[in-house]
Structures are given as structure tokens and as C-alpha cells.
Amino acid sequence: MTPTTLRKLLINALADTGPTSTDGQALTFSPTTPGKNSPRADAVITASEAGVPVMFVEVDNGTESPLALAHKAGRYREFFRRTVKPLTPSPNPHIQTGNPVPMWESFYGPLGLEGYPPLVIVFTKQVGPAAMNNRINNVMRLAEEYWADQYCELATSYGSDEHDGYTDYTDAVPIMVTTLDRLREYGPLGPVWFRFGHPTWQALSDALDNPDDVRGFRRREAQRDQLRQQKREQEEEQREREIGEARERWVAQQAAAEAAREPDPVCQKCDGPLESGRFEADPLEDTAPPADGAHCAGCRIQLAEPTSRFGRVIRRLVNGDE
């Protein structure tokens, strides 16, 4: 099967999948050799309206070994890693001048997905199911270093023994394979794609997706942050509740103690305090008669005063009477 035949097949298959582009075709074919030393793809297609991103297509007629196909995947990764300084002004409205951009993006525009554009291998040789599975498995095994992702493990919080992580596809080439028979039966948007690293044949959108990438990790991290915040709020409410309950108990204890406390004894003569205060001694205690349990120091002095004329003079001097 030639690249031209494949193009016609894809155009016919995508013609009714969604809105067409401005030129009336669902697919746009771009230059297959964008620069010197770049891999020459059999086709580079885009159809964003139909859910098809930039895809580099290799048609395998069974003439190349699995090792040669794996080597091509390595060349594509080297190409995807290359950066260029965009033109000023850039003919691509998606490219900002000044900052280096991937070379492939300067030609084809942004992918809209994480990582590199997918490399699509279409097997066209008519062979039995066992032979086809063996060929796909051999290519997958030999090209693993190019499509394999990297798992990043992180602690869920500082000092925690619990870990979570995500798969980083930044430097991984998504390699998707299909067969001519599957394309003819289901069309390019059907379950005709087997992406290396995925468990089964999938539709195009599922094969392009990376469900275990950083997006899922961020969603889980946001949920963990929300749970931590809820726990902090609950703990703060519990502390405030305990402080309030302790304060109420203290007030109740003070009220009970005040109610149970016997009143201070008073002098039977003057109704004043029978004894001096705890922190301030009554100076009259030094000259007053011994405490009798019924009178304060001043009254004991008065009761003990002589009744003679001389005693009355002394009493006036003591009491300050004129």
C-alpha cells in the first residue's frame, strides 16, 4: 500500500466524522520532511475538527525488520527534541517570537496534548493474526526505550510515608499501530489503534490520552488538600469547643466555690471585719487586747478602756476625737 493510497483511505474515512476544514477536506497533509536530517514520514496529517492531532505516519509493507522500525522511532524522538528560534514575525499564529520552540511545532502548530506528536505505524501486509501479533510485539519490545514513560513518585505530604505519583510523558514518543484491515472495517476513529504501553485496542481519542499523567495526580492532590483543610478546620473547631467547655467549667466552679464559702465574720459591736485583711495588717492589733472572737481590734481597745477621766483622755487621743 502506498502513502497516496493511505491518504485516500483516511480522507474517505474521515469525510463524515465532523466539520471539514476551510478547503473542504477533513485532513490536512503537511510537509513530510520539515528539515535537514529529519525523518521522512510517509505522511504527516492533521484534522483537529475530527479529533486527529498532528500525526506522523509510517506505512509498513513488511519490507523492513522490526529493528529498523524501532530505529525510526529513535530518529523521530531526536527530531522531536530539536528546537529552533521562530521567525520574526512567525508565519504560525500559535508561535510567539523570541523563545525557542520545538522544530516540529514551528511547522505544524501546537499538538494540544502533553509530550510529542504520535508516531503511527500502519501495517499493510496481509499476514495471519499470529504473525501480525508477533511483528507488533517485536517492534514494541525493540522500541521500548523511545515510547516508555517515566514514573515519578512523590510523598503525599511532608514527612509522610504515603506516596503517590504520576507518569511523565514529556520525552516519550507515543507509538500507535494499526492494520489496513482494521482501518477499512472500522475507520480511523474506531477501535483500530494499539498504543504501546496501553492494554488493548482503542479508539483514537483513548489511544491518544494519558489517563495516568500529571492531571490525575493534580486532581488527587487537590482532593488531599481539601481533606487536609477540612481536618484542620475540624481540629480547630474541636479546640475552640474544648476551650469553651473548660471556661464554662471554671466559671461554674468559681460560682460554686463562692456560694459555698462562709461569709467573713463581723464585729458584734461595729459590724466591721472581725479580723484584719490577708495582705494588710491592722496596726491596732499590736495594742489591742487578745482576740475574743466577737470584737475587732478597735472595739476591744474601746471595751478595755478605763472609765476614769484620765482614761477618757487617752481614748480621745487614740480615736482622734477632739
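Predicted model: local features only at pLDDT ≥ 70, side-chain atom pairs only at ≥ 80, totals over all residues.
Residues are numbered from 1 along each chain as its sequence is written, and side-chain values use heavy atoms, with hydrogens and water left out.

Start with the packing. Of the 322 residues, 36% are buried (under 20% relative accessible area, 1.4 Å probe, protein chains only). The largest nonpolar core has 30 residues. Such a core is a set of buried Ala, Val, Leu, Ile, Met, Phe, Trp, Tyr and Cys residues joined through side-chain atoms within 4.5 Å. Phe56, Phe80, Trp104, Ile175 and Phe196 have the most contacts inside this core. Helix 2 gives the most to it, with six residues. Phe196 touches Ile136, Val139, Met140, Trp147, Ile175 and Val177, leaving aside residues up to four places away in sequence; contact means heavy atoms within 4.5 Å. A second, separate core of 14 residues includes Val122, Val192, Leu204 and Leu208.

Now turn to the second largest pocket. Its lining has 15 residues. Pro129, Met132, Thr179, Asp181 and Arg182 lie nearest the pocket centre. Helix 4 (129-142) and helix 6 (180-186) each give two or more residues to this lining. Helix 4 supplies the largest share, four residues. A pocket is an open set of points on a 1 Å grid over the protein atoms alone, where a 1.4 Å probe fits, with protein on both sides within 12 Å along at least five of seven lines; lining residues have an atom within 4 Å of a point.

Conventions. Buried < 20%, exposed > 50% of the residue type's maximum accessible area, 1.4 Å probe, protein only.
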